Amino acid sequence: MIILWLLTTIILSQFNLQPYTWEFKNFLIGQNLNQGYRIYKDVRENIGPLSANFYQLIDFLNIPMTWNAYIATGIIILQAIVFQRTISRYSLLPNLGNIPFFIYSLFFHFSMEFLAPNGSMLGLTFLLLAWNEILAQQSTLKVNDRVFLIGLYIGIASVFFLSYALFLFWAILSLLFYSSINVRQIILLIVGFSLFFIFTGLIFSYRDNFQAFIDVYQNSAFIVYIPTTTQIKQILLAYIPAMILGIWGFVKVINSTKINSNAQKAQQTNLMWLLTSVVIIFFIPTVERINLVFLMPSLIYFTLNLFYLFKSYWQKEMLIIFIFIAMIFSLSNEWNEVGQQRILTQKLQIRNEKLMILGPQIEEYQNNEMTGPFVNWELSKSLFTNLNQYKTIIMMHDYFAKDMPSYIYDPENNFKKLGYYLPELTNQYALIDTHLYKKINNR
């Protein structure tokens, strides 16, 4: 399976597909951080801190975006190993051999977006480690102080993907309902969860961007966002096969007598995982297929019930054939709309220049050097509606003074607004084309 997966990844990489918009945005974040910008204060983006550091490391090592598929493959294989070993260690579904690893790997082929790493995928690794520890606690009669690790793993996952903080309630409820956890151990779990946030907060306080982190955290983890009809359609294309099989497996196991005590607790814990995941869908900062990968582990686990409860081999073989057909159907539909999700072709004729874009057209950075913090325009555009505030003007001045761009592309006509407050800045640029300014003064 791994060999076939790697061959598929190599073949896909030969098509030279444009990166996804979010994928290219993350690449730009890594570049900016290595140029001395600070995440949140200088680079306005709602990405998790550890995810930003991950892309910073990728840029520092000069790893091109074409390698993203191989990085994602390595992450998913690691997660599949954790998933497989957890099920085997606690005998949750005996006699399945390597089927859990196989199905986990297969389900992560329902979308090409899963072949590019992001914070949701990176953080999922630590959620699986937390799940492993919860099952370890549930398999004994008495909970021990290793609950600290559960909180720590969820905390690390949350610093990768901020909305994962809501999984803290999943962990507490799972231990309250299906183990003998006490108040002291709940506090210990919360301390473990808080530890990484405290460490992150101290670093941000030292670098004077703690308040910016708090603002982004509130807007990323605790703001309800309703997906649009188009987004729901895109999500269903990638997840509906897993949903159908997962729900079928859960329904089938309800009346089964073959499930042991540990497995029953695991089934209930995974149901709570799934319910928590449904809630988190409305709190994620951006609705993308890749950002919903936290749905997969619980759906995969419920799907494995079918392989465990089916008596005939032909039924299991037909199920695998169905998964392959669903995978091909999902990928073919995504291939037909591939241009809609990926970065557009650059329209500006300038190349290898320092460019600042005051708008959402980040595709123009493909052949130019990004200057300034405006990588997420939805978070940045509010600055230009609050120019009457002194702190905003100071911030704008610092953005331009840090590294003056050679060109400014202003498709939404925001640059002119700065002229009233920072005339010494705007006077250094001349309009040379539609919405395109060039620096003419070398002062």
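Two strands count as paired if DSSP finds at least two bridges between them. I am working from a predicted model.

I looked up strands E4 (residues 429-433) and E5 (residues 436-439) and found them antiparallel, joined by four bridges.

I asked which residues touch the most other members of the largest nonpolar core. They are Trp-131 and Phe-294, in a core of 133 residues. I then listed contacts of Phe-294, leaving aside neighbours within four places in sequence; among them are Ser-120, Phe-161, Tyr-164, Trp-273 and Ile-284. Another core, of 18 residues, lies apart from the largest one and includes Leu-358, Trp-377, Leu-383 and Phe-400.

Entry 3, helix H14. I took the span of H14 (residues 313-336) from first C-alpha to last: 35 Å for 24 residues, close to the 34 Å expected at 1.5 Å a residue. I found Leu-319, Ile-323, Ala-326, Met-327, Ser-330 and Glu-334 buried in H14. An α-helix has 3.6 residues a turn, so residues three or four places apart point the same way.

I located Asn-46 in the loop between helix H2 (21-34) and helix H3 (49-60). Is Asn-46 buried or exposed? Asn-46 counts as buried because its relative accessibility is 14%, and the cut-off for buried is under 20%. I also took the C-alpha to C-alpha distance from Asn-46 to Val-224: 15 Å in space, with 178 residues of separation in sequence.

Conventions
Residues are numbered from 1 along each chain as its sequence is written. This is a predicted model: local features need pLDDT of at least 70, side-chain atom pairs count only at pLDDT 80 or more; totals for chains, interfaces and linings use all residues. Side-chain values use heavy atoms; hydrogens and water are left out. Helices (H or I, at least four residues) and strands (E, at least two) are DSSP runs, numbered from the N terminus. Buried means under 20% relative accessible area, exposed over 50%, partly exposed in between (1.4 Å probe, protein chains only). A nonpolar core is a set of buried Ala, Val, Leu, Ile, Met, Phe, Trp, Tyr and Cys residues joined through side-chain atoms within 4.5 Å. Contact means heavy atoms within 4.5 Å. The expected span of a helix is 1.5 Å times one less than its number of residues.
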